Amino acid sequence: MKRPLAALAAAALAALASAQPIYAFPPQTSAAADAVAWLHTQQAADGTVANNASRTEETVWGLIANKLAVADFATSGKTPIDSMRTHLADEERSAGNIGSLVMAVSAAGLDPTTFGGHNLLQDLQCTYNVQTGGYNTQLFNDALAVLALPAGATPEKAKAFLASQQQADGGWEFQAGFGTDTNTTALVLMALVSSDGLTSTVKEKALAYFKLHQKPTGGFEYSAPFAPPGDSDPNSDALVIEALLATGENPTGVAWSISDHNPVTDLLTFRYENGGFGFNRPDSSATAAPDAASTTQALPALASAYLPVKRTTGVMPPSCPAAAPTPSPAATPQDTPVPVPTGLPAPTPTPTPVPAPTPTPAATP
């Protein structure tokens, strides 16, 4: 009897140990704290960050990644969680939006099946196309949806769909015809890792793609520049750092260092004195300034973490409920049928729900 108990205890200790964070590089706690302080100046009275749903969600998982309390990030008593509940319609415009929302809710330790009166997992399931295996035709957004799924819940067809979209150069496109970019590639890699759908062949091609787009500063460009030699940017740096961590790489190791530069040191060159991060370096021009997208996206990377910062729990519904029937015009007030609440209908593709730089060097939406 003692031997099975000892084995169980050993297994429990092993599981506990594996749950502890293992950092590839020391978290940049000072930079992250300053970034959060600057973001706080961008928060509205209803808890929204930078008047944007995506920035608000990214702030939540950025806080959690850096072991900071969401409750302490409040204006007029309202936190980003209050904003997410209030603006749920804006948070659920597409699969990418819903995926980001689910990751934020899960990071905060809340139940995504009862958030704001919605079963967010049901809403996400209703965006899944069983014919193609995609949650959204835009791969950046499709990857966000996959990242939000509970462990073991990703359909095999969804994994195959994402993997099959890898291009000859090793990268992925934001959308068909856009050309590959480091941001979408990084997000897809994290999604394949989280869904246990990443093969060694796909991984090695993707890492070679990152190498191709690493600049002498140690950071990464968005895509092949229109005007060589091009430059890195904080959004690309942050996402690639996260993807490298997810695939077991050390962004500050020899393999990703150029002289005394690496992706993390390059990311920090976009940091302003007030704590915010900007798409352009502080000394690049007299008008250079921090922006919310560059700052929120930097937070997980500064924490030496990657998406999802906390895995979604719960059970994915097997399908999307059929739409409720429309009451007959002849029905009287007494016998008018009461519509049964259903999941959301599968949405048509919408504008980018989360930040992704366009092929031209510009800040993300």
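Where does Thr-79 lie? Let's start there: Thr-79 is in the loop that runs between helix H3, residues 53-65, and helix H4, residues 80-86. Before I go on, a reminder that this is a predicted model.

So, Thr-79. Its relative accessible area is 12%, and because buried means under 20%, Thr-79 counts as buried. Leaving out residues up to four places away in sequence, Thr-79 touches Gln-43, Asp-46, Gly-47, Val-70, Ala-71, Phe-73 and Ala-74.

Okay, stepping back to the whole chain. We have 14 helices and two strands. Of the 365 residues, 49% are buried. If you take the contacts with a separation of 6 or more, 68% of them are between residues 24 or more positions apart.

On confidence: the mean pLDDT of the chain is 87, with 82% of the residues at 70 or more. Two stretches to keep in mind here.

Now for helix H8, residues 139-147. How many of its nine residues are buried? Nine of the nine, so that helix is mostly covered. If you want to click through them, they are Leu-139, Phe-140, Asn-141, Asp-142, Ala-143, Leu-144, Ala-145, Val-146 and Leu-147. And what does the covering? The list includes helix H6 (95-107), helix H7 (120-125), helix H9 (156-164), strand E1 (172-173), helix H10 (182-194) and helix H12 (234-246).

Let me pick H10 out of that list. The axes of H8 and H10 come within 9 Å and cross at roughly 25°. Angles under 35 degrees count as roughly parallel, so that is what we call H8 and H10. Their crossing is left-handed. From the H8 side, the residues involved are Leu-139, Phe-140, Ala-143, Leu-144, Val-146 and Leu-147; on H10 they meet Asn-183, Thr-184, Leu-187, Val-188, Met-190, Ala-191 and Ser-194. By type, the residues of this contact split into 10 nonpolar, three polar and no charged. When you look at the spacing on screen, remember that an α-helix has 3.6 residues a turn, so residues three or four places apart point the same way.

Next stop, another loop residue: Ser-232, which sits between helix H11 (200-212) and H12. Is Ser-232 buried or exposed? Buried, with a relative accessible area of 6%. Outside its sequence neighbours up to four places away, Ser-232 touches Lys-215, Thr-217, Gly-219, Phe-220, Glu-221, Asp-237, Asp-266, Phe-270 and Arg-281. Also, Ser-232 and Asn-280 are 48 residues apart in sequence, but 9.3 Å apart in space, C-alpha to C-alpha.

Leu-307 and Pro-308 are joined by a cis peptide bond, with omega at about -10°. Pro-308 is in the segment after helix H14, residues 292-302.

Then the positive phi values. Ala-50 has a phi of about 55° although it is not a glycine. You'll find Ala-50 in the loop between helix H2 (29-40) and H3, partly exposed at a relative accessible area of 28%. Asp-196, also not a glycine, has a positive phi of about 60°. Asp-196 is in the loop between H10 and H11, and it is exposed, with a relative accessible area of 68%.

Note on methods. Residues are numbered from 1 along each chain as its sequence is written. This is a predicted model: local features need pLDDT of at least 70, side-chain atom pairs count only at pLDDT 80 or more; totals for chains, interfaces and linings use all residues. Side-chain values use heavy atoms; hydrogens and water are left out. pLDDT is the predictor's confidence in each residue, from 0 to 100. Helices (H or I, at least four residues) and strands (E, at least two) are DSSP runs, numbered from the N terminus. Buried means under 20% relative accessible area, exposed over 50%, partly exposed in between (1.4 Å probe, protein chains only). Contact means heavy atoms within 4.5 Å. Axes are lines fitted to C-alpha atoms, for helices over the stretch in contact, and angles run from 0 to 180 degrees between N-to-C directions. Angles under 35 degrees count as roughly parallel, over 145 as roughly antiparallel, 65 to 115 as roughly perpendicular and the rest as oblique. A crossing is left-handed if the near helix is turned anticlockwise from the far one by less than a right angle, and right-handed if clockwise. Ala, Val, Leu, Ile, Met, Phe, Trp, Tyr, Cys and Pro count as nonpolar, Asp, Glu, Lys and Arg as charged, and the others, Gly among them, as polar.
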